[in-house]
Amino acid sequence: MVHILKIKQGDKASAIALAALARGECVAIPTETVYGLAADATNGLAVASIFEMKGRPRFNPLICHVDGIAMAQRFGVMNETAIALAGAFWPGPLTLVVDALPQNGISELATAGLPTIGLRCPDGLARELITQYGKPLAAPSANRSGRISPTRAPHVAEEFAGTGLLVLDGGECREGIESTIVKVTADKLELLRPGTITIEEIHNASGKSVSRPGGNLIIAPGMMASHYAPDSRLVTDVTRCPNHAALLAFGGGTDRDRTHAVAVRNLSASGDFREAAANLYAMLKELDHMRARLIAVEPVPHEGLGVAINDRLSRAAAPREET
């Protein structure tokens, strides 16, 4: 049975969570992006339990969550550009992949043995927990590997029913999709995963152009071809909903045929990207629970935050990978 505790700033649920983390246990915590399956990033056995609970491949690194720049500097090389980006967007939905400091105490499982480390300072209750704990927390999304990420505590409870997992219920996540991930080196920036912080915002804050890496090397979460997937088959860029399909709509729909949908959820009737991102995973879960043979998704423009939304949808629609 999963244990869900409502949490408010400074209440006893935090103390219960801190004690569980100190024992090397996993705790599901709310962040502004999605719920995370958190454990002590310096405890190899605790980090291993994350991989075991999620069924996550060991080559897929985890993000280490810190409470600010000072803590980040204990574990990774925060150059001038990294500090500028952290100053602009932390606490918030930006992960910086930087060179790891030698012998920094982070479990090699968390970094998948790579010479780099992903660092993020979350907002709100998660940051408070990290400050109180005094060490970074590795915290991928609190779902089985490859499945839809959770944005509400009941999503986590459903995913890990029967495990005894402690879930801190902080309500619905504000952003709704995972953080933007940027690799920072001495001479360039690479966007490894799009998120609610856009390429344009990163360029404006850093003064540097941002490129997309080539190749298939997994150096950050969210880079696997198949990810964020419902049980039902999903197809994207549909303007005429097929018969017997559930429909994930976007916008007013004046140029769309929705008449054959068995169920409709609209990410944003007004076409607002932020509303769409916040609704994405919850609405995918609702449609998936209806057990339709197909979930059809209407086109979302590939601009601004729409880039991140389309990234998640394309990975959810990709052929499933065996892991």
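Tutor: A nonpolar core is a set of buried Ala, Val, Leu, Ile, Met, Phe, Trp, Tyr and Cys residues joined through side-chain atoms within 4.5 Å, where buried means under 20% relative accessible area, exposed over 50% and partly exposed in between (1.4 Å probe, protein chains only). The model is predicted: local features need pLDDT of at least 70, side-chain atom pairs count only at pLDDT 80 or more, and totals for chains, interfaces and linings use all residues. Residues are numbered from 1 along each chain as its sequence is written, and side-chain values use heavy atoms, with hydrogens and water left out.

Student: How many residues does the largest nonpolar core have?

Tutor: Those with the most contacts inside this core are W90, L96, L119, L165 and L168. Contact means heavy atoms within 4.5 Å. The largest core has 66 residues.

Student: Within what arc do the buried residues of α1 fall?

Tutor: Helices (H or I, at least four residues) and strands (E, at least two) are DSSP runs, numbered from the N terminus. In helix α1 (residues 12-22) the buried residues are A13, S14, A17, L18, A20 and L21. They line one face of the helix, because the arc, taken from the directions from the helix axis to the C-beta atoms, is 160°.

Student: Which exposed residues does the face of α1 turned away from its buried side carry?

Tutor: The buried residues of α1 pack against elements including β1 (3-6) and α6 (125-133). The face turned away from that buried side carries the exposed residues K12, A15 and A22.

Student: Is D257 buried or partly exposed?

Tutor: D257 lies in the loop between β13 (246-249) and β14 (263-266). Its relative accessibility is 25%, so D257 counts as partly exposed.
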